[in-house]
Amino acid sequence: MVGDLGFLMTEETPDIQDIEAPEGEPYLKFLLSNGAEIALPALSVVEVMSVAADRITPMPNVSPTLLGTLNLRGEIIWVADLGQFMGEGLPLNVDRVEIPVIAVKDDDDLIMGLAVDAIVGMEWLKTDQLKSSPGNPLIRGEWHNNGKSLRLLDHTAILRSPRWSG
């Protein structure tokens, strides 16, 4: 039998109405150099890439948290060691073939690359289960599940942080 969308349906093919939509909102999960798992709202992510270390151009006289600049489809963006910027863990190991970089954008179209240790994947999370996380303006909140916690970054706070100018 041919379904409404023109593909062959079999007994094992679920009807499109039977497929459940995931609950919550999509988040990209990744690891910092200290092993901490963090998440970003997927809607703030422009691109996730593995970049050869030599594609990041170091710049003199900038904050040590800035690894350099990167050409992202014709636009030059800054790439930061996110773990170092947040004050967590050792500097990112950049002595490797490729560095995972997450390009994020705010509502004013400001784009920055956040270098991390590893990309974990995507997960749908319910925002009503987000607990506030006072004390760190870069963290929007935390989810707690089965004894594990997952912190949600505020990408706008990172991009607009006064720490970049100092």
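**Pockets, sheet and selected residues**

Trainee: How does the lining of the second largest pocket divide by class?

Mentor: A pocket, on a 1 Å grid over the protein atoms alone, is an open set of points where a 1.4 Å probe fits, with protein on both sides within 12 Å along at least five of seven lines, and a lining residue has an atom within 4 Å of a point. Ala, Val, Leu, Ile, Met, Phe, Trp, Tyr, Cys and Pro count as nonpolar, Asp, Glu, Lys and Arg as charged, and the others, Gly among them, as polar. For the second largest pocket, the classes are no polar, no charged and nine nonpolar residues.

Trainee: What kind of model is this, and which pLDDT limits apply?

Mentor: Residues are numbered from 1 along each chain as its sequence is written, and side-chain values use heavy atoms, with hydrogens and water left out. The model is predicted; totals for chains, interfaces and linings use all residues, whereas side-chain atom pairs count only at pLDDT 80 or more and local features need pLDDT of at least 70.

Trainee: Which element gives the largest share of the lining of the second largest pocket?

Mentor: Elements are DSSP runs numbered from the N terminus: helices (H or I) have at least four residues and strands (E) at least two. Among the residues lining this pocket are L66, W78, M112 and W164, and both β5 (75–81) and β7 (111–115) supply at least two. The largest share, three residues, comes from β5.

Trainee: What is the volume of the largest pocket?

Mentor: A volume is the space filled by probe spheres set on grid points that are joined across faces, edges and corners. The second largest pocket comes to about 150 Å³. The value for the largest pocket is about 350 Å³.

Trainee: How many charged residues are in the lining of the largest pocket?

Mentor: Of its 15 lining residues, E123, L125, W143, N145 and L150 are the closest to the centre. β8 (118–125), β9 (139–145) and β10 (148–153) each give two or more residues. By class, the lining has four nonpolar and four polar residues, and the charged ones number seven.

Trainee: Which residue of β10 stands opposite A39?

Mentor: β2 (residues 37–41) runs antiparallel to β1 (residues 25–31), with five bridges, and parallel to β10, with two bridges. In the former pair, L31 is opposite E37. In the latter, A39 is opposite L152.

Trainee: Is E88 buried or exposed?

Mentor: Buried means under 20% relative accessible area, exposed over 50%, and partly exposed in between (1.4 Å probe, protein chains only). E88 lies in the loop between α1 (82–85) and β6 (98–105). At a relative accessible area of 12%, E88 is buried.

Trainee: Which side chain makes a polar contact of 2.6 Å with that of E88?

Mentor: A polar contact is a pair of N or O atoms within 3.5 Å; within protein, one must be able to donate a hydrogen and the other to accept it, and residues adjacent in sequence count only if both atoms are side-chain atoms. The E88 side chain contacts that of N34 at 3.4 Å. Its contact of 2.6 Å is with R151.

Note on methods. Pairing = 2+ DSSP bridges.
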